[in-house]
Amino acid sequence: MVSICIITKNEKDALKQCLEKLSGYDFELVVVDTGSVDGTTKMARQYTQSIYEFAWCNDFAKAKNYAVSRAKNDMVLVIDSDEYLRKINVEELKTQMKKNPKSVGRIERINQLYQGGEIRESREFINRLFDRRYFQYKGKIHEQIVSKDSGSYATYRTSVVVDHSGYLLSEEARQQKVQRNIRLLEETLAEDGSDPYILYQLGKSHFMAGSYESACSYFFEALSFDLDPALEYVIDLVDSYGYAMLNSGRAAEAIGYEGIYKEFGKYADFQFLMGLIYMNNEQYDNAVCEFLKASEQKECRMKGVNSFLAYYNIGVIYECLGDKKRAVEYYQKCGEYKQAKIRLEEMSDTK
C-alpha cells in the first residue's frame, strides 16, 4: 500500500522509537543510513530488512530521493527519524489516496520546543505523502516536494499525525544543528539566488540560535517579496518576525503590525502576538482585548495561545495594574498551567 521512507544518521534511540510506533501496520519501512557509527542499522533490522546506505553529500533532497527510489510501492510517505506516529486512520488514508492520486498529502506535525524556559507544542501541516512517479524532492536543506513536470499541484490533509522532538536538544546539539542548517541554506542562496522561502528558513535558524537581530534581517528581506498571505510558511514568517522583534528589544517597531491586521488578524496566533506587542508597549487595554480575541478561537498553531497562555498574560496585566481580584480570576482560568499556579500561590502567600 504505502512505503514509509526514512533517512537517518546516528539517531539510534530516536529511530527505534520512530520504527516502534510504525510497526504493526501494513507499511513497508525503508531506512536509508547516511553514515551512522552508533549501531543504528543493526537496531533498525529488528523492524525491517529494507535498509540501505547512502554516502552523505550535504543534500537532504538527494538522500530522500534515494530512499524513495528504494521503496517497493509508488506511494510513499516520508518520515524523519525524530518523528513518532501519534495517530492514523488507515482506512481513511486509503480512501484519501484513492481520491487524490496526483496530489500531495499533508500530515499534521506536533512540534515540541523550548520557549520561555518551558516545553511548548506547535502544530503545522507539511507535505509528505506522494506518488513517486509524479513527485520528487528538491533542495539541499528544508527540502520541498516538487512536481516532476515542474507544474503546480494540489494538496490534501491526511489522517496522519506525528510528534516531533527534533527541537528538544541540548544547547551544544542545538547549536551544531543550527550552524549546519545555516551553512547549507547560505550555500543554496548563493547558488540559486534570493528566494523568500530560503530567507525565511535562514531567519528561523538564526532565531533558533538566539540571534534575533540576524533573524529580523532575514525575515524582513523575505517579506520584501510579493507573498501570498494564505501560505502557511508566510503566516509563520510573519509571526516569527514579530517574536524576533520583541526578543531583540524592538517592541515599538512591532506596533507596525497593526498595518497587516486585516491580512493576518483572523488567526489566534497572530492575535496572541499582537497582545504581546501591545503588552510590551504598555498598551494594556489593547493587549487584553487581543488576548481575549485569541481565547475565543477554536484552532491555533501554538498550543495554549487560544486558552491558558492568553488567560495567563491577562492575569499578569491585571496583577501588575494592582487588580488582584481579576488577576486571580484569569489565573484560575489557566487550569493546570504551572506558571499560573505559581502566581496564585505567591499571591495567596502575600495576603
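Helices here are DSSP runs of H or I with at least four residues, strands are runs of E with at least two, and both are numbered from the N terminus. This is a predicted model, where local features need pLDDT of at least 70, side-chain atom pairs count only at pLDDT 80 or more, and totals for chains, interfaces and linings use all residues. Residues are numbered from 1 along each chain as its sequence is written, and side-chain values use heavy atoms, with hydrogens and water left out.

View A. (A pocket is an open set of points on a 1 Å grid over the protein atoms alone, where a 1.4 Å probe fits, with protein on both sides within 12 Å along at least five of seven lines; lining residues have an atom within 4 Å of a point.)

**View B. The centre of the second largest pocket has Arg123, Arg157, Tyr267, Glu299 and Arg301 as its closest residues.** They belong to a lining of 15 residues.

**View C. Helix H6 (residues 196-208) meets helix H7 (residues 212-222).** Their axes, lines fitted to C-alpha atoms over the stretch in contact, come within 8 Å and cross at roughly 165 degrees, which makes H6 roughly antiparallel to H7 (angles over 145 degrees, on a 0 to 180 scale between N-to-C directions). Contact (heavy atoms within 4.5 Å) involves residues including Leu199, Tyr200 and Phe207 of H6 and Tyr212, Tyr218 and Phe219 of H7.

How values were computed:
Parallel < 35°, antiparallel > 145°, perpendicular 65-115°, else oblique.
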